[in-house]
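Let's take a walk through a protein model together.

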Amino acid sequence: MYRILCFLILLLAMPLRAMQPIQILYNDWTSQQVLSHIVANIFTELGYQTEFIEAKTDGQWFLLKAGMADVQMEVWEGTMADKYAQLIRSQVIVDLGDYTLKTREDWWYPLYVKQHCSGLPHWEALIQCADIFSRPGSQGKGVYIAGPWEKPDRARIRALQLPFVVEQVDSGEALWKKLAIAHKIKQPILMFNWTPNWVGAVYPGEFVEFPDFDPRCETEPGWGVNPRFLFDCGNPKSGWLKKIVSTVFFEQHPCLVKGLRQFDMDSIMLEQLAAMVNLENFTPALVAKHWLETNRIQWRRWFAKCIE
Ligand code: TMO
């Protein structure tokens with residue numbers, strides 16, 4: 001009896017599952033949004049239904065665990081390696097490979113700042129120059145402007161004994177606005193940024209050179225320049241960018257998995273896609289549509305196994 005019931009439930013559930021749209025995580029920075037639209041369009045052309053699941057990166061890991069998200073087109077090493085590794089270990093997600101480009105995410109400043117702080121990009125210069133980054137209310141301490149993605153900046157500030165406070169803004173747009181204003185009056189600014197990104201082409205700048213990243217920096221207090229605290233290092237300077245899918249998706253869609261494994265971008269293309277949104281004011285959807293049209297042969301080759 002029990003067996004028959006199970007069989008019936010399975011029979012009922014199967015077509016439902018097949019009809020369920022593919023859930024694509026949609027985050028809050030431009031290149032991720034464009035790539036999400038690109039992959040959604042590809043899946044749609046191949047006959048699948050898709051939907052976007054809007055999430056902050058903090059919240060997306062839970063959604064993957066809960067079966068409420070299937071595909072994430074951009075997992076960045078500098079900010080997400082820990083959570084990524086946890087979910088790989090617990091077999092919630094499957095790694096579909098790295099893009100050929102390399103990434104970096106870290107504290108960054110526009111080049112004119114060096115005129116006020118000649119020891120840059122070395123991190124120790126921040127100790128002497130903190131006051132040039134002060135703002136009303138920061139009591140002479142430097143202000144570091146963070147986005148909503150980083151790893152514990154306050155822990156790094158403590159470990160490296162930097163006279164800095166963190167001001168966190170909640171989107172990329174808010175970061176770029178701060179940068180645009182500071183840049184106009186050549187005011188020193190220290191903020192989060194990453195590459196590949198469109199920003200460097202418009203605002204030449206550099207990353208602060210912190211002590212080189214090492215996994216032990218985040219697990220062994222004794223490692224590094226401060227023997228008492230974790231996070232006395234920078235983020236990886238040549239990090240990976242990965243595509244991941246839920247284990248459920250991996251098992252259900254072998255041909256899409258094959259396609260996603262081959263899906264690739266170089267840094268020039270990723271920067272262009274972001275620039276078309278942030279500089280030319282096209283929507284991510286439109287930029288994606290344009291990419292699909294001009295790269296049709298390419299993506300159809302990647303997903304050839306899914307095309308009858
Ligand atoms: C994840 N991000 C590219 C915004 O650093």
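A residue is called buried when its relative accessible area is under 20%, exposed when that area is over 50%, and partly exposed in between, using a 1.4 Å probe and protein chains only. With that in hand, find Glu218, which counts as buried because its relative accessibility is 15%. Lys151 is buried too, at 13%.

Before going further, a word on what you are looking at. This is a predicted model, in which local features need pLDDT of at least 70 and side-chain atom pairs count only at pLDDT 80 or more, while totals for chains, interfaces and linings use all residues. Residues are numbered from 1 along each chain as its sequence is written, and side-chain values use heavy atoms, with hydrogens and water left out.

Now put Glu218 and Lys151 together: they form a salt bridge, with their closest N and O atoms 2.7 Å apart. Glu218 sits in the loop between strand S9 (205–207) and strand S10 (241–246), and Lys151 in the loop between strand S6 (142–146) and helix H6 (153–159), so the pair ties together parts that are 67 residues apart in sequence. A salt bridge here is a side-chain nitrogen of Lys or Arg within 4 Å of a carboxyl oxygen of Asp or Glu, and helices (H or I, at least four residues) and strands (E, at least two) are DSSP runs numbered from the N terminus. The whole structure holds 13 salt bridges.

Another one joins Lys237 and Asp212, at 2.5 Å from N to O. Lys237 and Asp212 both lie in the loop between S9 and S10, 25 residues apart. These two belong to a network of salt bridges that also links Arg104 and Glu209.

Where does Lys151 turn up again? Lys151 is among the residues closest to the centre of the second largest pocket, along with Asp58, Thr79, Met80 and Lys83. A pocket is an open set of points on a 1 Å grid over the protein atoms alone, where a 1.4 Å probe fits and protein lies on both sides within 12 Å along at least five of seven lines; lining residues have an atom within 4 Å of a point. This pocket has 13 lining residues, and helix H4 (77–89) gives the most, with five. Domain 1 (21–102 + 239–307) and domain 2 (105–218) both contribute to the lining, so the pocket lies between them; the domain bounds come from an automatic or database domain assignment.
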